[in-house]
Amino acid sequence: MTEPSSEPSAKPTAEPAGAARRRVTLLAAVGGAAAILAVLAGVYGMGRLRSNPAAAACAPAVAAASRLAPLAHGEIAALTMARAPFHMPDLTFKDAEGREHKLSDWRGRTVLLNLWATWCVPCRKEMPALDALQAAVGGDKFEVVTINIDTRDPEKPLTFLKDTGVKHLAYYSDQSAKVFTELKMAGKAFGMPTTLLIDPSGCEIGEMAGPAEWASADGMKLVSAAIANP
């Protein structure tokens, strides 16, 4: 028969009162800090739109997009209306005389911005429609701004416009194609042609990948509504 051990059984060591108090205080501090951070995160999340000037400035463009959405059908059904605020980058390009322009030069006017190239087959079909739209509604409240992004032979785009019968569009170009790269990085350009409808504050109302009959009844109606209620 095994004899009981004569060694005393192990007992948990009592924590000194001072150490216990320090541990409780530390846990309370950590918990309090976490609560404060959670509150701050909530406030920051709710106030993000208010603290973002670009988002606040573009809120009317999103409202306009929602209002115009029912008109994006038929010949312009591919127009995707903005659902989130997006302020356009201040794109830089040149005119036929080599003078530099920025997209911000058109502040105060609704703009239909179009990027095109001579190697773009759909662009050849779309350009006359853009020219007709400019002739019909272009003015101090609206302009079709087309930017050529050919990187070689600056005379070729001019010949292209002449051959397609363009008479009302001003000629703008960016031989570095940086305007396309900037929009592509922003998720707003995927190929040629790329078109964006922009409000007078420089905010996106809608975007389209591919060509459209902008001078059609559908296109005219939507653009006219955008001009009338920017």
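**View 1. Strand S4 is covered on both of its faces.** On one side sit Thr110, Leu112, Asn114 and Trp116, on the other Val111, Leu113 and Leu115, and all are buried (under 20% relative accessible area with a 1.4 Å probe and protein chains only; exposed is over 50% and partly exposed lies in between). That makes seven of the seven residues of S4 buried, so the strand is largely enclosed by the rest of the structure. S4 pairs with S5 in the parallel sense over seven bridges, where pairing takes at least two DSSP bridges between two strands. Look for Asn114, whose bridge partner in S5 is Thr146. A word on what you're looking at: this is a predicted model, with pLDDT of at least 70 needed for local features and 80 or more for side-chain atom pairs, while totals for chains, interfaces and linings use all residues. Residues are numbered from 1 along each chain as its sequence is written, and side-chain values use heavy atoms, with hydrogens and water left out.

**View 2. The whole chain holds six helices and eight strands.** These are DSSP runs numbered from the N terminus, with helices being H or I of at least four residues and strands E of at least two. Of the chain's 230 residues, 39% count as buried. Contacts here mean heavy atoms within 4.5 Å; among those between residues at least 6 apart in sequence, 72% join residues at least 24 apart.

**View 3. Helix H3 has a kink of about 30° at Met127.** The kink comes shortly before the proline Pro128, and the bend is the angle between axes fitted to the seven residues ending at a residue and the seven starting there. H3 covers residues 121-137, and because its 17 residues at 1.5 Å each should span 24 Å, the 26 Å between its end C-alpha atoms agrees (the expected span is 1.5 Å times one less than the number of residues). Its buried residues are Cys123, Glu126, Met127, Ala129, Leu130, Asp131, Leu133 and Gln134. An α-helix has 3.6 residues a turn, so residues three or four places apart point the same way. The cover over the buried part of H3 includes S4 (110-116), S5 (142-148), H4 (155-163), S7 (194-198) and H6 (217-228).

**View 4. Strand S2 has antiparallel partners in S3 and S6.** S2 (residues 92-95) is joined to S3 (residues 100-102) by three bridges, and to S6 (residues 172-173) by two. Lys94 stands opposite Glu100 in S3 and opposite Ser173 in S6. S2 and S3 make a hairpin with four residues between them, and Gly98 in the turn has a positive phi of about 85°.

**View 5. The largest pocket has a volume of about 340 Å³.** Of its 19 lining residues, Phe93, Lys94, Ser173, Asp174 and Gln175 are closest to the centre. S2, H4 and H5 (178-185) each give two or more residues to the lining, and S2 gives the most, with four. On a 1 Å grid over the protein atoms alone, a pocket is an open set of points with protein on both sides within 12 Å along at least five of seven lines, a cavity is a set where a 1.4 Å probe fits but cannot get out, and lining residues have an atom within 4 Å of a point. Points are joined across faces, edges and corners, and a volume is the space filled by probe spheres set on them.
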